[in-house]
Amino acid sequence: ISLIIQGMGCKNPAHPVSPSGEVRTGNDSLALVYVGTYTRKVAHVVGKASGVYLYMLHRNTGRLSYAGEVKTDNPSYLVADT
């Protein structure tokens with residue numbers, strides 16, 4: 001599993017994203033976390049995931065909240081380009 005923490009934007013103007021990827025919501029600071037996974041079998045792993053998962057990292061508590069996913073074929077690593 002690959003992890004990249006990067007702000008890629010937020011459609012809700014009440015939750016603006018700073019250039020560092022932080023989202024401010026009241027007293028909590030959030031960061032977007034993208035998780036790339038294996039979705040099919042390759043030589044070294046039997047992938048069973050769906051694709052790229054998006055989580056919100058609550059920096060004040062360390063809690064991750066599931067925010068969605070995109071089904072795609074074997075996104076085992078991710079690169080963010082802003």
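Trainee: Why does Asn74 count as buried?

Mentor: Buried means under 20% relative accessible area, exposed over 50%, and partly exposed in between, using a 1.4 Å probe and protein chains only. Asn74 has 14% relative accessibility, so Asn74 counts as buried. Before we go on: this is a predicted model, where local features need pLDDT of at least 70 and side-chain atom pairs count only at pLDDT 80 or more, while totals for chains, interfaces and linings use all residues. Residues are numbered from 1 along each chain as its sequence is written, and side-chain values use heavy atoms, with hydrogens and water left out.

Trainee: Is the phi of Asn74 positive or negative?

Mentor: Positive, at about 50°, although Asn74 is not a glycine. Most residues other than glycine have a negative phi. You will find Asn74 in the segment after strand 7; strands here are DSSP runs of E, at least two residues, and helices are runs of H or I, at least four, numbered from the N terminus.

Trainee: What makes Asp73 and Arg40 a salt bridge?

Mentor: The term asks for a side-chain nitrogen of Lys or Arg within 4 Å of a carboxyl oxygen of Asp or Glu. For Asp73 and Arg40, the closest N and O atoms are 2.9 Å apart, and the pair forms a salt bridge. Asp73 sits in the segment after strand 7 (63-71) and Arg40 in the loop between strand 3 (28-36) and strand 4 (41-42), 33 residues apart. Arg40 is partly exposed, with a relative accessible area of 40%. The structure holds 1 salt bridge.

Trainee: How do you know that strand 6 and strand 7 are paired?

Mentor: Two strands pair if DSSP finds at least two bridges between them. Strand 6 and strand 7 are joined by 8 bridges and run antiparallel. Strand 6 (residues 51-58) is mostly covered, with 6 of its 8 residues buried.

Trainee: Why is the pair of Tyr55 and Tyr66 called edge-to-face?

Mentor: Rings of Phe, Tyr and Trp (its six-membered ring) pair if their centres lie within 6.5 Å; planes under 30 degrees apart count as stacked, over 60 as edge-to-face, and the rest as tilted. Tyr55 and Tyr66 are 5.8 Å apart centre to centre, with 75° between the planes, and the pair is edge-to-face. Tyr55 belongs to strand 6 and Tyr66 to strand 7. Both count as partly exposed: Tyr55 at 24% and Tyr66 at 48%.

Trainee: Which residues make up the largest nonpolar core?

Mentor: Ala31, Val33, Val35, Tyr53 and Leu57. A core of this kind is a set of buried Ala, Val, Leu, Ile, Met, Phe, Trp, Tyr and Cys residues joined through side-chain atoms within 4.5 Å. Strand 3 supplies 3 residues, the largest share.

Trainee: What makes Val70 exposed?

Mentor: Val70 has 53% relative accessibility, which puts it in the exposed class. Val70 lies in strand 7, and its C-alpha is 6.5 Å from that of Tyr53, 17 residues apart in sequence.

Trainee: Where is confidence lowest, and where highest?

Mentor: The score is pLDDT, the predictor's confidence in each residue, from 0 to 100. It is lowest in strand 1 (residues 2-5), at a mean of 41, and highest in strand 7, at 95. The chain mean is 76, and 65% of residues reach 70 or more.
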